[in-house]
Every structure is written in structure tokens, then in C-alpha cells.
Amino acid sequence: MARRVFLVEDLRGMRALLADLFATIGGLEIVDACTTEAEARLWLDEHPGAWDLAIIDLVLAEGSGMGVIPQARRRAGPGAKVVVFSGYASPGIRAHCLSLGADAVFEKSETAQFIGWLGGDLRGEPRP
């Protein structure tokens, strides 16, 4: 069964790129995508447990992914992961995202590490 992905990303090109990446990796299916903090928070409230992996960008069309992380953590079902994938993941931002409840944080330039993490998550490998 595919892992259900909830994607919070405002750039259409990045959403398409991630969809292509997931199709290549296999085992990942986007169940919905939102472009603003308000849309994402509402979707999480209306669909608790309807996803296994939330992938959240920090800079959105309106609002910030920082406001989505704790909401996703509260609405996560058993075993669900919350991951930040952003172009703004400095060490301080990374630490703050982890303190808000993210399981992992990747800079968009760390695509290889992100793909490796996704593959390990699909194989059920434990995470530090």
C-alpha cells in the first residue's frame, strides 16, 4: 500500500517535480496539496489520519509552514511523519522546525538526502 502524502508547497513546478519524484521512487501517493498556511491547517483539521507523510515548505503563498508543522503533528495518525523540505533550512531554522514537531528537515539543495530519507521511510528503517 502506498504511503499517503499531504503536500504543502506553493510552487506549481515544485509540486510537479515532487509528484514525478514520488512516481519514480514508487510507494508514495499525493492525497492532496495546499499552497497556503490557512488551507493546510484547515485540510489537516478536516482530514485527521488521512495521510502518512506531510511534506511542508516553509515559505508559502500566504503564511508559513512553521504554522503548519505543529498542526500536522497534532493531527498525525500513528506512525505518520512530518518533514520540512524548504529552500530556507538554515541550522537555526532546522532546530526550530524540529522543536515544533518535524521529524526531519531538508534544504531543497539536499535532494539526495531527502530521497534517501524517503526510501528509508518506505523500507521502515528507524530514524534517529
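Reader: Let me start with one side chain: does F85 count as buried or exposed, and why?

Author: Happy to start there. The cut-off for buried is under 20% relative accessible area. F85 has 3% relative accessibility, so this residue counts as buried. Keep in mind that we are reading a predicted model.

Reader: What should I look for in the nonpolar cores?

Author: The general idea is that in soluble globular proteins, nonpolar side chains tend to be buried together. In this model, the largest nonpolar core holds 22 residues, and F6, W51, I56, I69 and C97 have the most contacts inside it. At least two residues of this core come from each of β1 (3–8), α2 (37–46), β3 (53–56), α3 (69–75) and β4. The most, 3 residues, come from α2. There is also a second, separate core of 16 residues, which includes F22, I55, F85 and A104.

Reader: Which residues does F6 contact, leaving aside neighbours within four places in sequence?

Author: Among them are V31, A40, W43, L44, W51 and I55. D32 is on that list as well.

Reader: And where does D52 lie?

Author: D52 sits in the loop between α2 and β3. D52 has a relative accessible area of 17%, so D52 is buried. Beyond four places away in sequence, D52 touches A2, R3, R4, G79, A80 and K81.

Reader: How do the elements of the chain run from the N terminus on?

Author: The order is β-α-β-α-β-α-β-α-β-α, with 5 helices and 5 strands in the chain. The radius of gyration is 13 Å, close to the 14 Å of the globule rule for 128 residues, so the chain is as compact as a globular protein of that length.

Reader: What share of the residues counts as buried?

Author: Of the 128 residues, 42% count as buried. Contacts tell a related story: among those between residues at least 6 apart in sequence, 65% join residues at least 24 apart.

How values were computed:
Residues numbered from 1 in each chain as written. Predicted model: local features only at pLDDT ≥ 70, side-chain atom pairs only at ≥ 80, totals over all residues. Heavy atoms only, no water. Buried < 20%, exposed > 50% of the residue type's maximum accessible area, 1.4 Å probe, protein only. Core = buried A, V, L, I, M, F, W, Y, C linked by side-chain atoms within 4.5 Å. Helix = DSSP H or I, 4+ residues; strand = E, 2+ residues; numbered from the N terminus. Contact = heavy atoms within 4.5 Å. Rg over C-alpha atoms; globule rule 2.2 N^0.38 Å.
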